[in-house]
Amino acid sequence: MKVLGNLGGVRSPSELGRKLEEHDYLADEGLAVACFLALRMGRPLFLEGEAGVGKTELAKTLAKVLDAPLIRLQCYEGLDAAQALYDWDFPRQLLHLKAAETAGVRDVGKLEDDLYDRRFLIRRPLLRAIEEPGSVLLVDEIDRADDEFEAFLLEVLSDFTISIPELGTIRAERPPVVIVTSNRTREVHDALKRRCLYHWLEHPSHEREVAIIRRRLPESTELLAEQVATAVHRLRGRDLLKPPGIAESLDWTEALLALGARELDPGLAAATLGAVLKYREDQQAALADWGRRPG
Ligand SMILES: Nc1ncnc2c1ncn2[C@@H]1O[C@H](COP(=O)(O)OP(=O)(O)OP(=O)(O)O)[C@@H](O)[C@H]1O
Ligand SMILES: [Mg+2]
C-alpha cells in the first residue's frame, strides 16, 4: 500500500501510542488506531466527543510526536473564508500607495502589482497549513462554524489547493495532517465526515484516568488519583448539565493538592467542588448524593 501521509517514522498504532505517551498523552487503543490510520492514509481525522476528553490536546501532542508545526483554526459562528484562508493588509497597502504617490510613481500597472505583493498578504491558518509542508492543522470545534464554512472547508480539504486571484494557484507540496474536532452541539454534514476518518472520544476508563492524573500531576498520591477518578466517574453517571471531563479531574486534583490533601474526604470534596462542577444545579446534585447540604 502506498503511504500517503506524514508518518514521522511511526510504524504501528502501538508505537504511536507509545510516542504520544512520551509527551504525556495517554491514548486508548481505539484512538491510537484511528490516529495511525489517519496518518497512514493521509486522511483528516474527525474527532467528536464531550468537552474536556482530550480532542484538542491530541492534535497538539501529535504535532510534537511528528515534530511538525501546529496550526490551529479555532472555529466560531460567523467565521468566513477570509478569516480562515487569507486577507490583504488594507492599511499597509494604503500606506504603500501614499508613499508611492509622494515619491511621484506614475506607473499604475506596477503600482497595482506592488499592492498585491506577498508582503501585503495576511496568511491565515488554512493558507499557512497548505504552505508549510507536513504541518498539523487543527480545525477546532467545527460545530461552532456555519454550514457555509463547512462547505468551504470541505473544498479545501479535498485538494489542498487554493486560488488567490492576484497571485495564482497555491498547491500543498505535502498536505497537512488534519484533525477536525467537534463537541457535537450540532451535527456536521455527511459530506465532510465522508472525507474524514471518524472517532468518538469517550471518557477514559478508570484505570486510564488514574494514569493520566498521575502522569500530569506526579505530586499526587496513587490514593488521591484513585479517589478523584472514582468520584468523577460517578459524577459522569449522573444526569448532569455538564459532566466533568479529564480537564476537570486534573483541576480537581490540583485544587486538592493546593490544599495539601493526600486523600479525598467528603469535606474537602465539597470545599473544592468548584474545580470540577461549574453549574450550581450540578453542585447541588453532587452534594445531595454525598449527603451534604449546599454551603
Ligand atoms: N488522553 C489524555 N492524556 C493526558 N492528558 C489528557 C488526555 N486527555 C485530556 N487530557 C488533559 O485534559 C485537558 C483537556 O483536554 P482538551 O482540552 O484536549 O479537551 P477537549 O476535548 O478539546 O475539550 P473541549 O471540547 O472543551 O475543547 C488537556 O489539557 C490535557 O491536560
Ligand atoms: Mg478542545
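Helices here are DSSP runs of H or I with at least four residues, strands are E runs of at least two, and both are numbered from the N terminus. I'm working on a predicted model, where local features need pLDDT of at least 70, side-chain atom pairs count only at pLDDT 80 or more, and totals for chains, interfaces and linings use all residues. Residues are numbered from 1 along each chain as its sequence is written, and side-chain values use heavy atoms, with hydrogens and water left out.

**Strand β1**

I started with β1, residues 45–49, and found five of its five residues buried (under 20% relative accessible area, 1.4 Å probe, protein chains only). In a regular strand the side chains alternate between the two faces of the sheet. I checked both sides: L45, L47 and G49 are buried on one, F46 and E48 on the other.

Next I looked up the partners (strands pair if DSSP finds at least two bridges between them). β1 runs parallel to β8 (residues 177–182), with four bridges, and L47 sits opposite T181 of β8.

Most residues other than glycine have a negative phi. I noted D24, whose phi is positive, near 70°. D24 lies in the loop between α1 (13–22) and α2. D67 also has a positive phi, about 50°, and I placed D67 in the loop between α3 (55–65) and β2 (70–74). D67 counts as exposed (over 50%) because its relative accessible area is 71%.

**Helix α2**

Last, I found E29 in helix α2, residues 29–41. E29 is exposed too, at 65% relative accessibility.

Key. Chains lettered and ligands numbered in written order.
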